[in-house]
Amino acid sequence: MKTVQPIQSFDKIKLLADSRRMEILRLLMDTPATLTHLARTLKQSPAWIRHHILTLESANLIEVSEIRKTGKVMEKFYRAKGGAFLLQEIILPKSKKPAVIFSGSHDLALEEIAEHLSKHVTMLSLPVGSLDGLINLRQGLCQISGAHILDASGEYNTPTVRHLFPDRNVELVTLAHRTQGLILAAGNPKKIKNISDIMRENVKFINRNAGSGTRLWIDAELKKQKIDSAFINGYDISVKTHSEAAVLISENKVDVSIGLQAAAHQHGLDFIPLFEERYDLILPRENEKTLSPLLDYLQTSTFRSGLSSLTGYNAAHSGEQIHI
């Protein structure tokens, strides 16, 4: 999926307060364009466009994607550095097809879904973890979220969604059941066998970000096993996705993480399964129409067949609506 870039710098926010620059940025979020293309679209002179392009470029909001020869002229194609931007509100690309932001727990199947549906809808990813994703959905900073939060009752997601959306009509749909466990270097050179082994001095651990479903599970399990996180080398260092963790292990920068079996398999790593979880999509019912291509796709044999290619994914309950 294309990414979402948060903007926190006052200078950038002030720069985008100019509606003309905002319009150019929105167009470049959708597709790369030249000065000539933008001038024609906005019915302005190339010199006028160039002034604002230089301002956006100096703020590191856009970049040159390629230089192409058109006739006898070499033209620069500019593109936005993010598929969407977050200020006080969502800035989405200006396009003929709908654009939606997914914010929540990172999932490999969702990346493939976004690729498959790209002709119908542009999905942009803001991986912040299960809990923060639901908070973003509550605050209107995304149109759909994804979570795998295990409640003390033993139930996934539903109690948390009920708590955060007592006054909102939201829909909860199962994407898949997924296997998580210890992701290890190929051949498991440190001979790690269980959670307690991550306390060893010669073992480097990489954690997941606070608020993610995986991190919530890790912290609950450490408490259950009476393991002090202060003795875990790397507990305070985290990444936002399963893929990032797997890459660090494959590069021998760390020894172990807890994450998806599919991520371990994709990077040729060893894996010890620990638990299976239910991963759900959460969306307000007013967004159903925009997201209908995604919801319909979950019901197809094509989706289930594609999901079977991801090791550790189970499509038996995919597409089922969970009663809230």
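Analyst: The crossing of helix H2 with helix H3 is right-handed. The model is a predicted one.

User: Why are H3 and H4 called roughly perpendicular?

Analyst: The axes of H3 and H4 (residues 46–58) cross at roughly 110° and come within 9 Å. The range for this term is 65 to 115 degrees, so H3 and H4 are roughly perpendicular to each other. Their crossing is right-handed.

User: What meets what where H3 passes H4, and how do these residues divide?

Analyst: From H3 come Leu35, Leu38, Ala39 and Leu42, and from H4 come Pro46, Trp48, Ile49, Arg50 and Ile53. The contact holds eight nonpolar residues, no polar residue and one charged residue. Arg counts as charged.

User: How do you know which term applies to H2 and H4?

Analyst: Their axes come within 10 Å and cross at roughly 80°. That angle lies in the range of 65 to 115 degrees, so H2 is roughly perpendicular to H4. The contact is made by Arg20, Arg21, Ile24, Leu25 and Leu28 of H2, together with Trp48, Ile49, His51, His52, Ile53, Thr55 and Leu56 of H4. These divide into seven nonpolar, three polar and two charged residues.

User: What makes E5 and E6 edge strands?

Analyst: The open sheet has five strands in the order E5-E4-E1-E7-E6, and its pairing is mixed. Strand E5 (90–91) and strand E6 (99–104) each have a single partner strand, so one side of each is left without a neighbour in the sheet.

User: How do you know that E1 and E4 pair?

Analyst: Two strands pair if there are at least two bridges between them. Three bridges join E1 (residues 2–6) to E4 (residues 84–86), and the two run parallel. In one of these positions, Gln5 has Phe85 in E4 as its bridge partner.

User: Which strands pair with E13, and in what sense?

Analyst: Strand E8 (residues 145–147) is joined to E13 (residues 270–284) by three bridges, and the two run antiparallel. Ser145 stands opposite Ile282 in E13. Strand E9 (residues 170–184) also pairs with E13 in the antiparallel sense, over 14 bridges, and Val170 stands opposite Pro284 in E13.

User: Why is the pair of Trp217 and Phe275 called stacked?

Analyst: The structure holds two aromatic pairs. In the pair of Trp217 and Phe275, the ring centres are 4.2 Å apart and the planes stand at 20°. Centres must lie within 6.5 Å for a pair, and planes under 30 degrees apart count as stacked, so this pair is stacked. Trp217 lies in helix H8 (residues 213–224) and Phe275 in E13, so that the pair links distant parts of the chain, 58 residues apart.

Technical notes:
Residues are numbered from 1 along each chain as its sequence is written. This is a predicted model: local features need pLDDT of at least 70, side-chain atom pairs count only at pLDDT 80 or more; totals for chains, interfaces and linings use all residues. Side-chain values use heavy atoms; hydrogens and water are left out. Helices (H or I, at least four residues) and strands (E, at least two) are DSSP runs, numbered from the N terminus. A crossing is left-handed if the near helix is turned anticlockwise from the far one by less than a right angle, and right-handed if clockwise. Rings of Phe, Tyr and Trp (its six-membered ring) pair if their centres lie within 6.5 Å; planes under 30 degrees apart count as stacked, over 60 as edge-to-face and the rest as tilted. Axes are lines fitted to C-alpha atoms, for helices over the stretch in contact, and angles run from 0 to 180 degrees between N-to-C directions. Angles under 35 degrees count as roughly parallel, over 145 as roughly antiparallel, 65 to 115 as roughly perpendicular and the rest as oblique. Contact means heavy atoms within 4.5 Å.
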